[in-house]
Amino acid sequence: MSEPMVKSEGVHKRFGQLEVLKGISLEVQRGEVMCMLGPSGSGKSTFLRCINHLEKINAGRLSVDGELVGYREQGGKLHELPEREIAGKRAEIGMVFQHFNLFPHMTAIDNVMLAPVRVAKVSRGDARDRAADLLERVGLGDKLDTYPVALSGGQQQRVAIARALAMQPKLMLFDEPTSALDPELVGDVLDAMRQLARDGMTMIVVTHEMGFAREVADKAVFMDGGVVVEAGRPDEVLVSPQHERTKAFLSKVL
Amino acid sequence: MSTSELSEQRAGRPDEIEAVPVRHPGRWIASFVVVVIAASIVRSVITNPRFQWHTVGHYLFDPRILHGVRITIELTVLSMIIGILLGVLLAVMRLSPNPLISGSSWLYIWFFRGTPLLVQLLFWNFISALFPRIDLGIPFGPSFIHANANTLIPGFVAALLGFGLNEGAYMAEIVRAGMLSVGEGQTEAAQSLGMGRLAIMRLIVLPQAMRVIIPPTGNETISMLKNTSLVLVIASVFDLLFEASQIYSAQFNEIPLLIVVSIWYLALTSVLYVGQYFIERRYGRGFSRQQRVTMRARWLGSRGNPPVTDTG
């Protein structure tokens with residue numbers, strides 16, 4: 001296979017004195033779905049946010065599609081990227097948040113259209129057609145002009161997925177996308193993600209949904225205390241884990 | 001469900017409760033006291049000849065008073081525009097990661113909130129004593145435009161500077177509070193879509209902050225409307241109060257003219273109430289499931305319980 005989509009080598013992240021990531025090394029290939037599991041505080045979400053440069057890493061190397069995240073390497077030295085270029089990189093990565101973070105003052109379709117019109121400079125008409133199409137695909141074709149407040153959590157999260165897809169990202173990051181949902185609404189969101197995986201999207205999913213991870217993921221990673229405890233095929237990591245820590249966690253979750 | 005079952009259910013429904021309501025003698029006594037006080041005030045207002053109601057009527061639409069009303073409105077509107085624009089700028093600066101920029105915003109707010117408005121107005125009025133000539137050009141370099149401070153800053157402009165720059169400091173804090181009320185997740189979501197800092201500010205944060213910003217801004221506008229009467233000290237701006245004072249100092253009819261002034265201020269304030277209601281509704285979109293509660297519904301509705309609909 002060619003160059004990996006995401007390559008992480010010894011990534012460290014500190015918040016003040018607290019070291020949250022203590023050397024994360026892993027690779028995600030193109031078209032691969034990687035699920036990240038672990039107890040809260042293990043650093044999964046932080047790692048995800050580093051990939052999108054919402055957090056700056058303190059040590060190690062992190063690259064997306066062969067390019068360093070947030071830096072340019074020149075003459076053996078790292079140069080910080082200007083805000084503008086970081087924004088450009090972020091536009092190529094879609095992110096879905098635990099609490100949806102839809103823009104409440106805009107209708108569903110305006111949420112989806114915003115970035116294509118304002119960032120990618122697509123014409124309003126084209127952006128509108130595409131946004132309607134995306135909302136249709138996540139099963140919300142009849143909610144185009146509804147404000148987020150009038151949508152259920154599951155519907156909001158599907159709008160958020162459509163919003164991220166509208167920028168035609170090469171990589172999608174999901175930060176516990178179903179954790180804030182009522183159990184009966186989880187299914188629709190997972191279906192939308194399953195469809196996305198089938199279409200060949202490269203995805204990194206932080207989740208507690210074991211069933212989804214086992215079924216959809218190509219790779220599962222178990223993190224604890226800022227390090228990767230175990231990584232491999234989902235059936236290896238999730239069904240017959242080697243490490244005691246993984247076993248203990250899974251026995252509690254399942 | 002069959003028809004017989006339905007009717008059976010209806011028949012089984014107990015009668016509406018008709019209970020004897022609790023009596024509230026205290027309320028009756030309180031109401032009586034309030035009515036007596038109100039009536040005696042109204043009586044005094046009507047019968048006391050010193051109110052000179054005919055003089056009030058005579059001057060209410062006097063051309064000088066109307067001119068004063070116009071100047072008062074102009075001063076209020078222009079000062080608020082300056083104040084709001086400055087407030088947004090200062091608030092954005094205050095939240096800047098650059099300590100020099102946020103620090104200078106802090107310093108500005110500290111200075112303009114820390115000195116009385118009246119003193120600031122007088123300063124602007126006497127600016128020519130401080131800077132007799134004003135030169136526009138490259139700092140420490142050559143200047144292109146020279147002007148006498150008195151001609152460049154007449155009374156009206158001095159008043160605008162006084163009110164607008166002072167208001168900017170207060171608006172900055174209001175806008176900042178509004179921006180801080182928008183959750184961090186909103187900024188992160190916009191960042192993850194590739195939007196830049198200014199676009200996020202303009203399209204995501206400020207529109208949502210408006211909901212929090214508007215009520216205190218309405219307050220500020222009402223304060224401003226009344227505070228413009230302080231231009232009395234500049235003595236070259238003929239606002240509502242100044243015009244009235246000119247009339248009563250010649251005619252010795254202070255009370256009726258002050259009543260005229262109060263009536264106008266009350267009328268203008270009432271207009272602002274209506275304006276604020278509509279602006280609030282505009283920026284409340286997407287924050288309430290009940291869209292568009294009309295003013296009529298607000299006044300008439302929510303009185304008593306909604307009618308019970310039988311869905312049997």
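This is a predicted model: local features need pLDDT of at least 70, side-chain atom pairs count only at pLDDT 80 or more; totals for chains, interfaces and linings use all residues.
Helix H2 of chain A gives the most to the lining of the largest cavity, with three residues. By class, the lining of the largest cavity splits into six nonpolar, three polar and six charged residues.

How many cavities of 30 Å³ or more does the structure hold? There are three. Rolling a probe the size of a water molecule over the atoms shows where such empty space is left.

The second largest cavity holds about 40 Å³ of space. Its lining draws on both chains. From chain A come A:Gly94, A:Met95, A:Ala160, A:Arg163 and A:Ala164. From chain B come B:Ala189, B:Ser192 and B:Leu193. Which of them supplies the largest share? H5(A) does, with three residues. The lining of this second cavity has five nonpolar residues, two polar and one charged.

The largest pocket contains about 820 Å³ of space. It is lined by 29 residues. Closest to its centre are A:Glu83, B:Thr187, B:Gln191, B:Arg197 and B:Ile200. Helix H2 of chain A returns here. H2(A) gives the most to the lining of the largest pocket, with five residues. On the chain B side, helix H9 (155–180), helix H10 and helix H11 (197–227) each supply at least two residues. The lining of the largest pocket has 13 nonpolar, six polar and 10 charged residues.

The second largest pocket has about 610 Å³ of space. Its lining counts 25 residues, and B:Met80, B:Ile84, B:Thr217, B:Thr221 and B:Ile279 lie nearest its centre. The elements that give two or more residues to this lining belong to chain B: helix H4 (63–94), H9, H11 and helix H13 (254–283). H11(B) gives the most, with nine residues. How many charged residues does the lining have? It has no charged residues; 19 are nonpolar and six are polar.

Next comes chain B as a whole. It has 14 helices and two strands. Of its 312 residues, 35% count as buried. The chain exposes about 19,800 Å², and carbon and sulfur atoms supply 66% of that area. Contacts in chain B also reach along the sequence. Among those between residues at least 6 apart, 72% join residues at least 24 apart.

Last, return to chain A for a hairpin. Strand S6 covers residues 71–74 and strand S7 covers residues 77–80. In which sense do S6(A) and S7(A) pair? The pairing is antiparallel and runs over four bridges. A:Gln74 stands opposite A:Lys77 in S7(A). Two residues lie between the strands of this hairpin. A:Gly75 takes a positive phi near 55° there. In a regular strand the side chains alternate between the two faces of the sheet.

Terms used:
Residues are numbered from 1 along each chain as its sequence is written. Chains are lettered from A and ligands numbered from 1 in the order in which they are written. Side-chain values use heavy atoms; hydrogens and water are left out. Two strands pair if DSSP finds at least two bridges between them. On a 1 Å grid over the protein atoms alone, a cavity is a set of points where a 1.4 Å probe fits but cannot get out, and a pocket is an open set with protein on both sides within 12 Å along at least five of seven lines; lining residues have an atom within 4 Å of a point. Grid points are joined across faces, edges and corners, and a volume is the space filled by probe spheres set on the points. Ala, Val, Leu, Ile, Met, Phe, Trp, Tyr, Cys and Pro count as nonpolar, Asp, Glu, Lys and Arg as charged, and the others, Gly among them, as polar. Buried means under 20% relative accessible area, exposed over 50%, partly exposed in between (1.4 Å probe, protein chains only). Contact means heavy atoms within 4.5 Å. Accessible areas come from the Shrake-Rupley method with a 1.4 Å probe; for residues, only the protein chains shown count as cover.
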